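Subject: Structure handover

Hello,

Here is the structure I promised to pass on. Please open it first, then read my notes below.

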Amino acid sequence: MAHYLYGERIGREASIRLGCSAVLLDAGGGRVLLTRRTDNGRWCLPGGGVDAGESVAEAVEREVWEETGLRVRATRLLGVYSSPDMLVAYADGNRFQLVALNFVVEQVGGELRLSDETTEYGFFGWDELEQMDIIDPHVVRLRDVRAGGDAPYMR
């Protein structure tokens, strides 16, 4: 299970890990897809780590497929998140400063399903999101999605 640690420039105590997350809106554009994680029971945007030998677009598309059963296409970069004041610490001793890319994606196939990484999924409106237990880094990403804007956020 991962824990988030905070402190001024705490990222210096970790390795860099490149990741991605996906924002998939429902047909009306007012609800966003979240999944509940198997490892800690918290909600999140679908996503995960970028593997060597794949592009970031391929990574987000693969991660959504693995976690939800949906085939998607990355259409727009929403933001880059790289806070040096947060790191993720795992029980095995690994510690990472995350550099994450958040993308808008569109569904091109597949059907929603659970995976070994997810226990629930659903599309949720903005008011519902405020009441949910969402993993720390994704709260900021969701607030940026709601705020809108043409240029990607850099945080």
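The sulfur of Cys-44 has its closest cysteine sulfur in Cys-20, 12 Å away, so the two are too far apart for a bond. A disulfide would need the sulfur atoms within 2.5 Å. The count of disulfides is therefore zero. Both cysteines are covered. Cys-20 is buried, at 5% relative accessibility. Cys-44 is buried as well, with a relative accessible area of 4%.

Please keep in mind that this is a predicted model.

Now the overall fold. The protein chain has three helices and 10 strands. Along the sequence, the pattern reads β-β-β-β-β-α-β-β-β-β-α-α-β. The chain counts 155 residues, and a compact globule with that number would have a radius of gyration near 15 Å. The protein chain has 15 Å, which agrees. Its C-alpha trace spans about 40 × 35 × 35 Å along the principal axes.

Next, packing and surface. Of the 155 residues, 42% count as buried. Take the contacts in the protein chain with a separation of 6 or more: residues 24 or more positions apart account for 74% of them. The accessible surface comes to about 8,100 Å². Carbon and sulfur atoms hold 50% of that surface.

Then the aromatic rings. How many aromatic pairs does the structure hold? There are two. A pair of aromatic rings is described by the distance of the centres and the angle of the planes.

Trp-43 and Phe-124 form one of these pairs. Their ring centres are 5.1 Å apart, with 70° between the planes. That angle is over 60 degrees, so the pair counts as edge-to-face. Where do the two residues sit? Trp-43 lies in strand S4 (residues 43-44), and Phe-124 lies in strand S9 (residues 118-125). The pair therefore ties together parts that are 81 residues apart in sequence. Both Trp-43 and Phe-124 are buried.

Tyr-90 and Phe-96 also form an aromatic pair. Here the distance is 6.0 Å centre to centre, and the planes are 70° apart. This pair, too, is edge-to-face. Are its members buried or partly exposed? Tyr-90 counts as partly exposed, at 34% relative accessibility. Phe-96 counts as buried, at 19%. The cut-off for buried is under 20% relative accessible area.

Trp-65 deserves a look of its own. Which charged ends sit over its ring? The charged end of Arg-71 does, 3.5 Å from the ring centre. The charged end of Arg-113 also sits over the ring of Trp-65, at 5.3 Å from its centre.

One last stop, on the backbone. Most residues other than glycine have a negative phi. Arg-9 is not a glycine, yet its phi is positive, at about 55°. Where is Arg-9? Arg-9 lies in the loop between strand S1 (2-6) and strand S2 (15-23). At 42% relative accessibility, Arg-9 counts as partly exposed.

- Cys-20 and Cys-44, both buried, with sulfurs 12 Å apart.
- Trp-43 and Phe-124, the edge-to-face pair at 5.1 Å.
- Trp-65, with the charged ends of Arg-71 and Arg-113 over its ring.
- Arg-9, with its positive phi.

Best wishes

Terms used
Residues are numbered from 1 along each chain as its sequence is written. This is a predicted model: local features need pLDDT of at least 70, side-chain atom pairs count only at pLDDT 80 or more; totals for chains, interfaces and linings use all residues. Side-chain values use heavy atoms; hydrogens and water are left out. Rings of Phe, Tyr and Trp (its six-membered ring) pair if their centres lie within 6.5 Å; planes under 30 degrees apart count as stacked, over 60 as edge-to-face and the rest as tilted. Helices (H or I, at least four residues) and strands (E, at least two) are DSSP runs, numbered from the N terminus. Buried means under 20% relative accessible area, exposed over 50%, partly exposed in between (1.4 Å probe, protein chains only). A charge sits over a ring if NZ of Lys or CZ of Arg is within 6 Å of the ring centre and within 35 degrees of the ring normal. The radius of gyration is taken over C-alpha atoms; the globule rule is 2.2 Å times the number of residues to the power 0.38. Contact means heavy atoms within 4.5 Å. Accessible areas come from the Shrake-Rupley method with a 1.4 Å probe; for residues, only the protein chains shown count as cover.
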